[in-house]
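Subject: Structure handover and notes

Hello,

Here is the structure you asked about. Please open it alongside this message.

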Amino acid sequence: MIDAVLATDSLTRRFGGLVAVDAVTLSLSPRTVHAVIGPNGAGKSTLVNLLAGDLRPSAGTIRLGVEDITDWPAHRVAQLGIARSFQHTNVFGAFSAFENCRLAAQSRHRSFGRWFVPAERYGDWNAAAEAALAIVGLGGRAGAAATALSHGERRALEIAMALATAPTVLLLDEPLAGMGPEESGHIVALLKRLAADHAILLVEHDMDAVFALADQLTVMVNGRILASGAPDAIRSNAEVQRAYLGTEAPGVI
Amino acid sequence: MKRSLLPWLVVAGVLLLLFPLVAEKFYLQLVTKIMILSIFALSLDLLVGYTGLVSLGHAAYFGIAAYTYALAAPSADPANVWLTLPLALAASAAAALLIGALVVRTSGVYFIMVTLAFAQMAYYFFHDTRVAGGSDGIYVNTRPDAIVPGLDLADDLHFYYFVFAALAIVFALLAVILRSPFGRALQGIKANEHRMRTLGFATLRYKLAAFVLAGTIAGLAGYLAAAKEGYVNPEMMAWHQSGAVLMMLILGGMGTLVGAVLGAFSYVLLQEWFSALTKHWQLLMGGFIVAAVLLLPQGLVGLPRLLLRRRGLRSVQPNDD
């Protein structure tokens with residue numbers, strides 16, 4: 001793969017006897033959407049957790065550019081510009097939508113030694129937070145507590161928080177889960193725009209969205225890569241069709 | 001600090017400033033003690049209420065500063081505040097740094113247990129060795145000297161204002177820090193530490209800094225307590241003391257600075273009142289705390305809002321009762 005930003009080599013994660021991610025080798029290129037699909041339990045979320053540094057791999061390596069980041073903790077991975085969203089909404093519930101994004105923007109700057117100037121005085125951080133909210137369509141909800149947002153709005157807030165960290169790589173774990181068609185369409189359009197200057201790993205069950213967005217498609221089953229390639233090639237891949245038709249959700253592809 | 005609170009704070013400050021004009025000596029000393037405990041409660045609030053670290057060993061840092069002062073004070077002459085206070089704060093800060101570096105790696109009930117264990121170690125060190133008078137403690141015969149013309153800390157009135165100034169400074173300092181990027185990060189850690197890590201915050205460093213700052217401020221309270229009483233003993237760092245300051249927070253309302261101060265005032269005043277009624281005052285206090293937890297989940301500081309809401313509900317639904 002030419003100038004891959006994020007690449008794994010034989011990445012493996014075991015939980016006791018279960019091999020959740022089994023020798024996965026894939027790479028993510030700049031300015032592309034690489035979708036990872038597969039039935040529930042295929043290891044997609046575990047893969048995202050490994051890439052984000054939230055879980056330690058049992059074997060294999062992860063590289064960002066030329067840097068080996070296999071054993072880096074989550075906060076250092078995030079500092080490299082790899083932002084993630086969670087499958088189950090993970091925001092600061094009691095904080096306003098704005099404060100959620102403001103903290104995300106703050107994470108890009110030195111704040112450990114900044115004890116005396118009110119956080120709101122850092123205009124750049126406010127601007128980054130407001131821009132992130134606006135881009136996902138939450139501009140009018142900045143003051144609302146995250147718990148007061150609708151499910152779809154909270155999903156959008158997840159993405160806004162990731163964007164407020166000004167990332168180069170986005171790891172999105174089912175960003176459309178539970179969204180209505182209108183909200184979902186809005187996010188798909190947003191991701192299309194973001195693909196112009198980000199590398200996006202998209203885990204998603206919504207196949208319409210996946211085929212609308214993906215430049216590259218990887219199918220995982222039982223922790224392993226079943227097939228990987230261009231969406232059209234995957235669509236006509238007999239093995240993929242068998243895996244899907246044989247196990248669950250017939251006709252999704 | 002919410003803007004609407006500022007006038008109330010000014011009123012409270014003025015009342016405390018004017019209090020000595022009407023107070024008898026007993027009450028002057030009582031409020032001095034309460035203000036010292038307010039500083040102690042504020043320091044714990046930074047950990048429990050704002051960073052989400054429930055320490056059950058916070059008295060260790062209170063006691064370590066007190067002992068540092070007692071050991072550093074000359075036997076006959078008053079100690080110099082500007083030498084012994086920084087020394088005492090440094091001792092508490094160093095202990096908090098050492099212990100904190102280990103305990104911030106744990107969380108939840110483990111954090112509670114490990115902080116308690118370290119505090120008990122400090123307690124037994126002073127209790128069972130002759131380093132500082134063992135279980136008898138040590139006396140410091142004179143109050144420290146601030147070497148400011150016209151300020152005589154041996155005078156209870158002057159000491160009262162000295163403690164008041166310390167409380168005002170600590171309150172203002174914490175209010176400023178909590179609004180800063182550092183303070184916001186602490187509150188983010190309390191709300192969702194995992195999310196903070198995935199955003200890129202090295203949360204351990206933040207928790208350790210909060211732990212050291214809280215330990216240092218607890219040290220200030222311990223120094224003032226030792227200076228006030230002229231006596232230190234191991235009970236200052238016993239787990240009862242750690243538990244009492246935690247109860248002050250629960251009573252007043254954790255996660256608010258006003259709540260910490262309100263908690264210190266109400267706890268000590270209730271203690272005075274209950275112990276005048278019966279020698280089993282702890283029974284009454286225990287019952288009161290249980291009732292407060294059940295009826296005022298946000299502590300006394302949440303009482304006005306609770307009353308307003310109740311009245312609001314009545315006016316909306318006049319027939320519903």
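Below are my notes on it, taken topic by topic.

First, a caution: this is a predicted model.

**Where the chains meet**

Start with the contact between the chains. On chain B, 20 residues are in contact with 25 residues of chain A. Three helices of chain B give two or more residues each to that side: α6 (156–179), α7 (181–199) and α8 (203–229). The biggest contributor is α7(B), with 11 residues. The chain B side is made up of 10 nonpolar, 5 polar and 5 charged residues.

**α7 and α8 of chain B**

Two of those helices also pack on each other. The angle between α7(B) and α8(B) is about 155°, and their axes are 10 Å apart. An angle over 145 degrees counts as roughly antiparallel, so α7(B) is roughly antiparallel to α8(B). Their crossing is left-handed.

Which residues make the contact? From α7(B) come A185(B), L186(B), I189(B), E193(B), M196(B) and R197(B); they meet T203(B), Y206(B), K207(B) and A210(B) of α8(B). By class, this α7(B)–α8(B) contact has 6 nonpolar, 1 polar and 3 charged residues.

**α3 and α4 of chain A**

Chain A has a helix pair to look at too. Helix α3 (residues 97–106) and helix α4 (residues 123–135) of chain A pack at about 125°, with 8 Å between their axes. That angle makes α3(A) oblique to α4(A). The crossing of α3(A) and α4(A) is right-handed.

On the α3(A) side, the contact uses A97(A), F98(A), C101(A), R102(A), A105(A) and Q106(A). On the α4(A) side are W125(A), N126(A), A128(A), A129(A), A132(A) and L133(A). The residues of this contact divide into 9 nonpolar, 2 polar and 1 charged.

**The core**

The largest nonpolar core has 177 residues. Those that touch the most other members are C101(A), A160(A), I39(B), A41(B), A66(B) and A221(B). The largest share of this core comes from α8(B), with 16 residues. As background, nonpolar side chains tend to be buried together in soluble globular proteins.

Take A66(B) from that list. Beyond its neighbours within four places in sequence, A66(B) is in contact with G222(B), Y223(B), A225(B), A226(B), V232(B) and M236(B).

**A buried serine**

Is S92(B) buried or exposed? S92(B) is buried, because 30 C-beta neighbours lie inside 10 Å and the cut-off for buried is 20 or more. S92(B) sits in helix α4 (residues 81–103) of chain B. Leaving out residues up to four places away in sequence, S92(B) touches Y61(B), I64(B), A65(B), G215(B), T216(B), A218(B), G219(B) and G222(B). One of these, I64(B), is 28 residues from S92(B) in sequence but 5.8 Å away in space, C-alpha to C-alpha. Another, G222(B), is also in contact with A66(B).

**Exposed spots**

Y110(B) belongs to helix α5 (residues 109–128) of chain B. With 11 C-beta neighbours inside 10 Å, Y110(B) counts as exposed. Y110(B) and V54(B) are 56 residues apart in sequence, and their C-alpha atoms are 9.9 Å apart in space.

Now two backbone points. Which phi does S10(A) have? The phi of S10(A) is positive, about 50°, although S10(A) is not a glycine. S10(A) lies in strand β1 (residues 6–15) of chain A. S10(A) is exposed, because 12 other C-beta atoms lie within 10 Å and 12 or fewer counts as exposed.

I147(B) also has a positive phi of about 50° and is not a glycine. I147(B) is in the loop between β1 (138–139) and α6 of chain B. I147(B) is exposed, with 11 other C-beta atoms within 10 Å.

**Where to begin**

I would open the chain contact and find α7(B), which gives the most residues to the chain B side. Then go on to S92(B), which is buried in the model.

Best wishes

Conventions
Residues are numbered from 1 along each chain as its sequence is written. Chains are lettered from A and ligands numbered from 1 in the order in which they are written. This is a predicted model: local features need pLDDT of at least 70, side-chain atom pairs count only at pLDDT 80 or more; totals for chains, interfaces and linings use all residues. Two residues are in contact if their C-beta atoms, placed from the backbone, lie within 7 Å. Helices (H or I, at least four residues) and strands (E, at least two) are DSSP runs, numbered from the N terminus. Ala, Val, Leu, Ile, Met, Phe, Trp, Tyr, Cys and Pro count as nonpolar, Asp, Glu, Lys and Arg as charged, and the others, Gly among them, as polar. Axes are lines fitted to C-alpha atoms, for helices over the stretch in contact, and angles run from 0 to 180 degrees between N-to-C directions. Angles under 35 degrees count as roughly parallel, over 145 as roughly antiparallel, 65 to 115 as roughly perpendicular and the rest as oblique. A crossing is left-handed if the near helix is turned anticlockwise from the far one by less than a right angle, and right-handed if clockwise. A nonpolar core is a set of buried Ala, Val, Leu, Ile, Met, Phe, Trp, Tyr and Cys residues joined through C-beta atoms within 7 Å.
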